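Me: I have a model open and would like to learn how to read its features one at a time. Can we go through it together?

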Amino acid sequence: MVGIKKNKSKLPAPKIKQKKALNKWKEEKSNVVGEKKPKKAAKLSDGKEEKKSDHKPIVFVSPKTDTTDSADDSDEMEITPPKQPVLEPVPTDIPDPQLEKRKIKQLEPLIGYIYNGDQMSLKQSFEQAGLLLTPDYDEETRVFRFLVNTKEICRAEGEKNEAHSKAREKLVQIVRYYCYTVKRVKEYHTRRKIFYTRPPKAALQELGKPLDQKKISEENVGFQMMQKQGWNPGTALGVSTEGILEPIVVKKRKGKRGLGTEDAIKPDKVTTEEKVKIPLEAFYLMLKQYAGVNALYDIVFSSQFSKHQVAKLKNFATSLKLMPQMIGNNKKKLVVSRPLTIKEIKEGVMKGHSDLCAKYVVIPPAAGIPEKDRVIV
């Protein structure tokens, strides 16, 4: 029979061992700060000293710094300076308005917007900056003032219209001297134009090459007659082969007008056939795709669209929160663009966005480029 093993309960350590353990803990605690005292080798029961372990502690050695290596590493590393903002030169033809410091600080968020040459839209500029621009004219004193957040920014005296023009010139001068200015140099910038009709592919495939480039077959009566008279295919006419190489192309004429008259030649088959019309729903889909991507170029529709179609396209573009407008001679071209604030245009141009740089330029303040926009190279 296998005996039943009983769990032996451990007896508590004797008081002598407890006292030694307590003294050891106090000694370790007192030696936390400073150098530790070397421990004596513990003696075994047979009187021999305990052997020291051969394991050595890990020591982290910092690498030696070599001047030659550091110089070589610095040469290999390419330090790319930060990209300079795309800005026009600082204008020098604007005199200093000598505005008070508190008024200059008030105009910090303002960015001027210039369109159609040198015309500045003061209303749009101040509205987008969150500033209230109020014109005020006093009939008795004949003084016209511009107020920004109920505080006077500039004034001019005279008749109402004359004083208004003078005060406006002063305000434009103030904006251009102390603030950035975004100037539109092109009405629109696009990568493709949208047409309503296109030539049919079937007609182009049937024709292949143009009629004047088609070769005469060997079964042709004229071809056989020329061969009998000594002509070889690919050679010029005449005994000494000094004549023409290609045959004269016969073109159909329209009407009974004589030779040399304008529009006497009948147009080609491709141009006479009716062009294929694209359904309006395809343009709706294109506008929807344009609204869903981060495209900053404009979409320009040709003048082939009727007024009814243009009205539908404008309404659909507005529903997608796009900005439709009529541009060009007699306002016939519909241009759809993404609505951008003046601040977004300014930041995009300064970062060098190709589509925005093709349409706008940013002019720095005449007082100088602010410290935050300067790049130290």
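Me: Is Y115 buried, partly exposed or exposed?

Reply: The model is a predicted one, so values here are computed from its atoms. Burial is read from relative accessible area: under 20% is buried and over 50% is exposed, with partly exposed in between. Y115 has 27% relative accessibility, so Y115 counts as partly exposed. Y113, at 10%, counts as buried.

Me: How many aromatic pairs are there in the whole structure, and why is the pair of Y113 and Y115 called stacked?

Reply: A search of the whole structure finds nine aromatic pairs. Ring planes under 30 degrees apart count as stacked. The planes of Y113 and Y115 stand at 15°, with ring centres 6.4 Å apart, so this pair is stacked. Elsewhere, ring pairs link Y137, F144 and F146 into a cluster.

Me: Which strand pairs with β1, and in which sense?

Reply: Strands of a sheet pair through backbone hydrogen bonds, either parallel or antiparallel. Strand β1, residues 111-115, pairs with β2 in the antiparallel sense over two bridges. Y115 has Q119 in β2 as its bridge partner.

Me: In what order do the strands of that open sheet come, and why do β2 and β13 count as edges?

Reply: The open sheet has four strands in the order β2-β1-β6-β13, with mixed pairing. β2 (119-120) and β13 (360-363) each have a single partner strand, so one side of each is left without a neighbour in the sheet.

Me: Why is β4 described as largely enclosed?

Reply: Count the buried residues along the strand. In β4, residues 143-148, five of the six residues are buried, so the strand is largely enclosed by the rest of the structure.

Me: Which strands does β4 pair with?

Reply: On one hand there is β3, residues 133-138, which pairs with β4 in the antiparallel sense over six bridges. On the other there is β5, residues 151-157, joined to β4 by six bridges and also antiparallel.

Me: Which loop holds Q98, and what is its phi?

Reply: Q98 is placed in the loop between α2 (67-76) and α3 (101-106). Its phi is near 55°, a positive value in a residue other than glycine. At 68% relative accessibility, Q98 counts as exposed. K321 is another non-glycine residue with a positive phi, of about 65°. K321 lies in the loop between α10 (307-319) and β11 and is exposed, with a relative accessible area of 71%.

Me: How covered is β12, and which strands does it pair with?

Reply: Strand β12, residues 333-337, is mostly covered, with four of its five residues buried. Three bridges join it to β10 (residues 299-301), and five join it to β11 (residues 323-327); both pairings are antiparallel. V335 of β12 stands opposite V300 and is also the bridge partner of Q325. The hairpin of β11 and β12 has five residues between the strands, with G328 at a positive phi near 105°.

Me: What lines the second largest pocket?

Reply: Start with the volume, about 680 Å³. Of its 27 lining residues, the closest to the centre are E108, P109, L110, Y180 and K372. The lining divides into 16 nonpolar, three polar and eight charged residues. α11 gives the most, with five residues.

Me: Where does the charged end of K346 sit?

Reply: The charged end of K346 sits over the ring of Y180, 4.3 Å from its centre. A second case is R338, whose charged end sits over the ring of Y290, 5.5 Å from its centre.

Notes:
Residues are numbered from 1 along each chain as its sequence is written. This is a predicted model: local features need pLDDT of at least 70, side-chain atom pairs count only at pLDDT 80 or more; totals for chains, interfaces and linings use all residues. Side-chain values use heavy atoms; hydrogens and water are left out. On a 1 Å grid over the protein atoms alone, a cavity is a set of points where a 1.4 Å probe fits but cannot get out, and a pocket is an open set with protein on both sides within 12 Å along at least five of seven lines; lining residues have an atom within 4 Å of a point. Grid points are joined across faces, edges and corners, and a volume is the space filled by probe spheres set on the points. Ala, Val, Leu, Ile, Met, Phe, Trp, Tyr, Cys and Pro count as nonpolar, Asp, Glu, Lys and Arg as charged, and the others, Gly among them, as polar. Buried means under 20% relative accessible area, exposed over 50%, partly exposed in between (1.4 Å probe, protein chains only). Two strands pair if DSSP finds at least two bridges between them. Rings of Phe, Tyr and Trp (its six-membered ring) pair if their centres lie within 6.5 Å; planes under 30 degrees apart count as stacked, over 60 as edge-to-face and the rest as tilted. A charge sits over a ring if NZ of Lys or CZ of Arg is within 6 Å of the ring centre and within 35 degrees of the ring normal.
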